[in-house]
Amino acid sequence: MAVLRTEVFLYERAVILISCFLSFLGSCLIIFTYMLWADLRTKPRKLLVFLSVADLLSAVSYFYGVLRDFDSDSWDCVLQGSVSTFANTSSFFWTVAVAIYLYIFIVRSDQRTANGLLLWFHIISWCVPLGITIAAVSLQKIGYDASNVSVGWCWVSINASDQILWMLLTGKVWEILAYITLPILYILIKKHIKTAHAALSEYRPILAANPMSQFQSSMADTKLTLIPVIFITLRIWSTIRFVLTLAESPAVQNPMLVILHGVGNTFQGGANCIMFVLCTQVVRSRLASALCCCRYEAGSTCCRGSDSNQQPVETPRTDELPVCLG
């Protein structure tokens with residue numbers, strides 16, 4: 001394994017710190033909207049909240065690591081590497097958990113089984129990463145890695161004789177499994193929705209011609225496509241640098257590759273927020289209304305419901321949308 005340090009330049013650190021901050025805000029917004037509006041608390045969104053907690057921890061730990069730009073096995077390097085290892089691995093598990101839940105709920109039409117898996121999702125997605133992290137710290141495997149497989153933060157120490165094994169156990173093997181699992185599950189879900197929609201169109205032509213029905217189906221189909229695409233697009237750069245490090249290639253220090261790796265590892269929370277908050281009409285409308293009310297507190301007509309004679313606006317139930325996430 002090459003031990004030549006990959007220098008992280010100031011502009012690279014600035015870009016990645018911004019990505020961490022946006023991911024932190026995005027994760028907080030997902031959690032905030034779930035807590036604020038009770039009718040949006042569907043089971044898939046609940047899973048999304050737990051995923052956001054993991055992404056939030058990742059963003060905070062990566063932010064500290066990039067800001068410090070470690071150059072040795074200091075105590076805070078080990079602490080930061082431990083938190084990011086736990087949170088990053090947990091994020092992989094929760095991402096796959098959402099896909100498994102949607103597959104069972106939509107394709108198998110078995111809500112009882114899907115809901116029954118929630119406890120197992122918690123056990124696996126929290127306890128397995130925690131166990132791996134504790135083992136890595138106990139065996140002194142977490143530490144300074146010369147930024148060859150990170151971007152300023154700490155991960156598996158370059159001094160570990162079995163560094164490759166621990167890089168796999170603390171992230172890469174789960175990441176690669178997610179690359180395989182997510183596309184398969186979402187392709188099966190999309191295929192099922194397409195078949196069901198075709199059958200519905202045959203027996204209910206009026207509903208099939210309904211513009212709102214077509215719009216919701218189109219949005220659901222787009223999101224199902226984007227979920228694995230965004231995950232792979234963000235994460236693939238860290239895998240590429242991992243492979244280049246194993247091959248001892250100097251390309252691992254390419255500045256553009258370093259930036260893509262840094263942003264990809266830190267922006268998952270931001271990407272989820274864009275897709276499931278900002279690009280979800282129901283949630284977006286409520287956020288806009290809430291911001292408007294905060295801005296015009298003194299009885300402005302901008303706020304829906306400020307007029308006592310105004311009829312409440314009925315919004316579609318998110319649990320009726322094809323992907324359950326809105």
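Select Thr245: its side chain reaches the backbone oxygen of Arg241 at 2.7 Å. That is a polar contact, meaning a pair of N or O atoms within 3.5 Å; within protein, one must be able to donate a hydrogen and the other to accept it, and residues adjacent in sequence count only if both atoms are side-chain atoms. You are looking at a predicted model, where local features need pLDDT of at least 70 and side-chain atom pairs count only at pLDDT 80 or more, while totals for chains, interfaces and linings use all residues. Residues are numbered from 1 along each chain as its sequence is written, and side-chain values use heavy atoms, with hydrogens and water left out.

Stay on Thr245 for a moment. It belongs to helix H8 (residues 211-246), and it is buried, with a relative accessible area of 5%. (Buried is under 20% relative accessible area, exposed over 50%, partly exposed in between, using a 1.4 Å probe and protein chains only.)

**Zoom out to the whole chain**

Walking along the sequence, the pattern is α-α-α-α-α-β-β-α-α-α-α-α-α. Of the 326 residues in the protein chain, 47% count as buried. Contacts are heavy atoms within 4.5 Å; among those between residues at least 6 apart in sequence, 75% join residues at least 24 apart.

**Next, Val8**

Go to Val8, in the segment before helix H1 (10-36). Is Val8 buried or exposed? At 5% relative accessibility, Val8 is buried. Show what touches Val8, skipping residues up to four places away in sequence, and you get Arg13, Asp69, Ser147, Val151 and Gly152. Now draw a C-alpha to C-alpha distance from Val8 to Ala146: 9.9 Å in space, though the two are 138 residues apart in sequence.

**Into H1: Ser23**

Move on to Ser23, which sits in helix H1 and is buried at 1% relative accessibility. Beyond its neighbours within four places in sequence, Ser23 contacts Asp55, Ala59, Thr266, Phe267, Gln268, Gly269 and Gly270.

**H1 against H10**

Two packed helices are described by the angle between their axes and the distance between the axes. Select H1 together with helix H10 (residues 268-278): they pack at about 40°, axes 7 Å apart. The axes are lines fitted to C-alpha atoms, for helices over the stretch in contact, with angles from 0 to 180 degrees between N-to-C directions. H1 and H10 are therefore oblique to each other (under 35 degrees is roughly parallel, over 145 roughly antiparallel, 65 to 115 roughly perpendicular, the rest oblique). Their crossing is left-handed, with the near helix turned anticlockwise from the far one by less than a right angle; clockwise would be right-handed.

Among the residues making this contact are Leu22, Ser23 and Gly26 of H1, and Gln268, Gly269 and Gly270 of H10.

**Last stop: H3 and H5**

Select helix H3 (residues 75-107) and helix H5 (residues 118-138), which pack at about 155° with axes 9 Å apart. That makes H3 roughly antiparallel to H5. H3 passes H5 in a right-handed crossing. Show side chains where they meet: the H3 residues include Phe86, Phe93 and Trp94, and the H5 residues include Phe121, Trp126 and Pro129.

Key:
Helix = DSSP H or I, 4+ residues; strand = E, 2+ residues; numbered from the N terminus.
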